[in-house]
Amino acid sequence: MTLVKTKIGRRSFIRTSALAGGGMMVGFSWLASCKMTPEEVNSLPKEWFEINGFLKIGDNGMVTIMSPNPEIGQNVKTAMPMIVADELDVDWKNVIVEQAPLNLDVFQRQLAGGSQSIRAGWEGLRMAGATARKMLKQAAAKAWEVPESEITTSNGTLYHKASNKSAGYGEMASAAVGVTSPNDPPENIEVPEEVELKDIKDFTIIGTDRLNVDGPKIVTGKPLFGIDVQEEGMLTAMIIHPPAFGQTYKSMDAESVKSMPGIVDVFPVEVYPEGVEKQWSDGGGIAELVAVVGESTWQCMQAKKALKVEWESPSDLESTASYEEDLEKLIEAPVEAPARSDGDFNKAIKGAAKVIERTYSAPFLAHNTMEPMNFFANVTADKAEVKGPIQTPEFLEKTLSSVLGLPIDKIDVGMTRMGGGFGRRLYGHFGVEAAVISKKVQAPIKLVYTREDDMTQGTYRPAYKVRFKAGLDKDNNLIAWSVKGVGTNDDLVFEDRFPAGAVDNYLAEKTSLQTKITTGAWRAPRSNFMAGAEQSFMDEVAELAGKDPIEFRLELFDRAIKDPVGPPEKNDYDPERYAGVLKLAKEKSNWGNTNDGKARGVSAYYCHNSYVAQVLDLTMDGNKPMVDKVVCAVDCGIVINPISAKNQIEGGIIDGIGHATYSQMTFEDGVPQQQNFDSYHLIRNSEAPKQIESYFVDNGIDPTGLGEPSLPPVIGALANAMYKATGKRVYNQPFILEKEIVG
């Protein structure tokens, strides 16, 4: 049993009130209830303590959670109420969750990103459930005139064994917040100073498989997604953007298409006029484009095809060949100062008995969400209603306020379920475009992108290049390691991650290349490339040392555990948890004891607060890897919903294998060369792994991230297995297109 305080000092995490129709409502602070020391809590700004989440218990016993976070397929809409329900001790079938509207005065951290929703909400959700349960017990004790300590709960019912009395939560919900009858004034019922959280062993819902609460609506086609939005009088809008990055609008012959069937208007749009205060989430939104508004998507698409628009190029346009050349120059050039330096790398590498150096690269990638980019907007002179699939609604609201010249309280942002995001919907320029178009035509509109619109106006995964160098002593011990990385608009290297802390002489350097091609977060930013490159190089060093790749990694983890280089707190990973997943993967894959003709590769990586190790088996079909099996060991702390956790792991593994093997975005004079799935190869069903096994470390640690951590390391496991199968290393993604293979 764990005791947690519902307030520290004068600041409360919990507030309660009565529901108008009967029942109780518990508000709790998502941010402030995260694990912090009293000193940390008291140092937070006062406004961060606004109550920002609600648990409601109706007089019918139904429990409702208002979920402030957007649902992007990470199943947060199911997992969050599971946590509350377990602490509340209510029957799962009586728990529902509602999507909260954007309300910056009430809610905090209303975004989906970084695999952090459960981690951030864990303690607050438990506290809310435990507080409501304790107050219900207090109400029952008072009503039955018995000690609270004699009240027990089970599945949403209160019991007093000695008197044989019982009552459902709904019967006591109003009393728990001081309402004894509709005609009596409410009594002053205080929130308890502290509440008891369950022991982990007593969980009955957490750790059990629960189906997605939206599942029935998804499979039966009920309206959930932004693309499903239909409003009275709504028109359809589509956009035409510059064909090349770096171009701007010049002119068009709009009159030639305005008479086409169903077309309402065609006009240039200045999305971000001069003086607008843009948010980080506006990313690389195009400042000026052309809008086509009509009665249907098909009519707008026909007008787009017929419309002739002239664009101009105020400066040189970029191509893949030019930025690859620039990345190579930067990887060779000295940097101003290292991001981290332990020992004396240069001295150690000169004295090393064996030295190895390798360079790895990866191209731009598109997100390609399954649900097309879309957004609804209805902007009038004095207010704006917008809704759609957006990961960062609060930042969209701020940009709209600046673009439309409306105060925040006149802008209503609704969140629909998202048909995929992977970071693409962090950047809300498409919501801004919808609002600007609606304002111009003075009508409600739904903006819809074609696949080509999205793939050629992306906020792509940056292109990267990284170079590793390592030195061994005469006894094949790793004595020096350096990493130098460069990315387009991104600096790539995590200087405090493994093997930092495990090598006496360590050097990390990073820099970036600025380009006109827009880039942004893509599933597991930076890790999505760095893990694969690092884990490939790790295998090469192990081979140079004549050591088994798993044992080589375990040696380094052991060094970081027993004799870390530099202050242990400087390293952003826990070497014991790192070693734990690797040992589990070794055991479950029967490493070293198989003889089935498959080539095997291993990897281990830490990101988004979780640890993942994988062993991958494959066979080659010509130069194409066919993955037979992936054994995946994960330490993400307590697993809330195992079936959902496995889904996320499997999705990340398939996504990682697919993009590393087949996908890339290239450019010629600023024009994206891949514009749809006929030229951009996403992994097909027949190319997915035949089998994925997932195992979790059972350590009782508070839960951490899971949406992203399984993707990065599988690229390293794949590359290492391909080497075992072919005897040749791959260094450049996509692997399927690698022409020059260095052995």
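**Close-up views of a predicted model**

**View 1. The protein chain as a whole.** In this predicted model, buried residues account for 58% of the 743 residues in the protein chain, which contains 17 helices and 32 strands. Of the contacts between residues at least 6 apart in sequence, 77% join residues at least 24 apart. The accessible surface of the chain comes to about 30100 Å², and carbon and sulfur atoms contribute 48% of that area.

**View 2. Helix 3, residues 117–144.** The 28 residues of helix 3 should span 40 Å at 1.5 Å a residue, and the distance of 40 Å between its end C-alpha atoms agrees with that expectation. Because 22 of its 28 residues are buried, helix 3 is largely enclosed by the rest of the structure. Glu145, which follows helix 3, has a positive phi, near 55°.

**View 3. The hairpin of strand 9 and strand 10.** Strand 9 (residues 151–154) pairs with strand 10 (residues 157–160) in the antiparallel sense over 4 bridges, and Thr153 stands opposite Leu158 of strand 10. The turn has 2 residues between the strands, including Asn155, whose phi is positive at about 50°.

**View 4. The hairpin of strand 10 and strand 11.** Strand 10 is also joined by 4 bridges to strand 11 (residues 165–168), and these two strands run antiparallel. Tyr159 has Ser166 in strand 11 as its bridge partner. In this hairpin 4 residues lie between the strands, and Asn164 in the turn has a positive phi of about 60°.

Technical notes:
Residues numbered from 1 in each chain as written. Predicted model: local features only at pLDDT ≥ 70, side-chain atom pairs only at ≥ 80, totals over all residues. Heavy atoms only, no water. Buried < 20%, exposed > 50% of the residue type's maximum accessible area, 1.4 Å probe, protein only. Contact = heavy atoms within 4.5 Å. Areas by Shrake-Rupley, 256 points an atom, 1.4 Å probe, with all protein chains shown as cover. Expected span 1.5 Å × (residues − 1). Pairing = 2+ DSSP bridges.
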